[in-house]
Amino acid sequence: MYRLIKTEGAARRGEFVTVHGTVQTPGFMNVATAGAIKGAVSAWDLKELDCQVQLCNTYHLHLRPGDETVKKLGGIRKFTGWEGPVLTDSGGFQVFSLAKLRNIREEGVTFASHIDGHKIFMGPEESMRIQSNLGSTIAMAFDECVENPAEYSYAKMSCARTARWLERCKAEMTRLNAREDTLNPKQMLFGINQGCTYRDLRVEHMKQIAGMDLDGYGIGGLAVGEPAQEMYAVIEEIEPHMPKDKIRYLMGVGTPANILEGVRRGVDLFDCVMPTRNARHGHAFTMEGCRNMLNAKYTLDESPLDEQCGCPVCQRFTRAYIHHLFKAGEMLAMRLTVMHNLYFYNNLLKKIRGALDEDRFEAFYTENIEALSRRI
């Protein structure tokens, strides 16, 4: 399923083969939480933006339109029109971040819908059934997302529970994949490493879930307010204990610089809402740094957003025009900037893969890390 092609230091170049297509890694997944990219970008647009994987959310799709509805309509890929691989997040993060009132017990979590307040129960089996109904390529295990910082004793207890939940997820997926009416009988399962920033808990938990022989492994619970250097230190601590022959996914990360640092520490796969969320507020990522398109200095600027960029937006529109669209409150401003940022992220990963192919990743890192961290 995952083929490691070569390494440079801890950085890895590989391919991840799925039933819905092969993903070149390191790679970026584009976040379509409720089945669409925020900013009026469709699955058809994604093809033009060099996207490889679409990420959708179990919690949101379960609430609306309902996972059984999506199954009746042929699954998430047919429903959205996206033909490539889809990863579905388990819903765990949303359960713990959106639900103001929740009750956690061994069976799972009872919580109130953020839409209308009605009570919902979700545990490992429910999360797997929802994701099976969605028919995604990759399902994420249901885990507990602990607030950071958390007491050591609670974090340790939570890791143990997340490991027990993972065993139940694996058993339920095996059962669901064997059903005659399942949409994707080759659905994959990724486990999630937790442990806050307690390095001994992270390592212990990673060793435990690595022994479960899953299709891939996520690193969760980071980029939630801790300093970036602390996040990097946690990745470095657990990387030696992650299976070399399985894909590694750093969840919810991050900035272009975060991604470059993550690749340098052995991560294969990333997702983040940052390129789309920031774009909707006028921030365009470029190889020179991040531009705020609301700034008056772009009023008469006839250059593209990024002079090094080959995206359809940079080929057709100027900074002056996009600046005007934001000032005028036009929806097109958000759409064009979202499209550019998604292309930028996917193309950045393509450049990283090219550097790894040519044994010059460390040089690429040195040449670009400062600029990618800059605001201009």
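1. The model is predicted, so local features are reported only at a pLDDT of at least 70 and side-chain atom pairs only at pLDDT 80 or more, whereas totals for chains, interfaces and linings use all residues. Residues are numbered from 1 along each chain as its sequence is written, and side-chain values use heavy atoms, with hydrogens and water left out.

2. In the barrel, 8 strands close in the order 4-5-6-10-11-12-13-14 with parallel pairing, where two strands pair if DSSP finds at least two bridges between them. Helices (H or I, at least four residues) and strands (E, at least two) are DSSP runs, numbered from the N terminus. From one strand to the next the twist averages 30 degrees; axes are lines fitted to C-alpha atoms, for helices over the stretch in contact, and angles run from 0 to 180 degrees between N-to-C directions. Strand 4 (residues 27–31) and strand 14 (residues 269–271) pair in the parallel sense over 3 bridges, and M29 stands opposite D271 in strand 14.

3. Helix 14 (residues 331–357) lies across strand 4 and strand 14, running at about 165 degrees to strand 4, while helix 7 (residues 152–177) lies across strand 10 (138–140) and strand 11 (188–193), at about 180 degrees to strand 11.

4. Helix 7 also meets helix 8 (residues 199–210), their axes coming within 11 Å and crossing at roughly 10 degrees, which makes helix 7 roughly parallel to helix 8 (angles under 35 degrees count as roughly parallel, over 145 as roughly antiparallel, 65 to 115 as roughly perpendicular and the rest as oblique). Residues in contact (heavy atoms within 4.5 Å) include Y152, C159 and L166 in helix 7 and L201, H205 and I209 in helix 8. By class, this contact has 7 nonpolar, 3 polar and 2 charged residues, with Ala, Val, Leu, Ile, Met, Phe, Trp, Tyr, Cys and Pro counted as nonpolar, Asp, Glu, Lys and Arg as charged, and the others, Gly among them, as polar.

5. Strand 7 and strand 8 (residues 108–112) pair over 4 bridges, and N103 has T110 in strand 8 as its bridge partner.

6. R12 is found in strand 2 (residues 11–18) and is buried, with a relative accessible area of 2%; buried means under 20% relative accessible area, exposed over 50%, and partly exposed in between (1.4 Å probe, protein chains only). The side chain of R12 makes a polar contact with the side chain of D268 at 3.0 Å, a polar contact being a pair of N or O atoms within 3.5 Å in which, within protein, one must be able to donate a hydrogen and the other to accept it, and residues adjacent in sequence count only if both atoms are side-chain atoms. A polar atom of the R12 side chain also lies 3.0 Å from the backbone oxygen of K246.

7. L260, in helix 10 (residues 256–264), counts as buried at 0% relative accessibility. The residues that L260 touches, not counting those up to four places away in sequence, include I352, F361, Y365 and L372. L260 and F361 are 101 residues apart in sequence and 9.7 Å apart in space, C-alpha to C-alpha.
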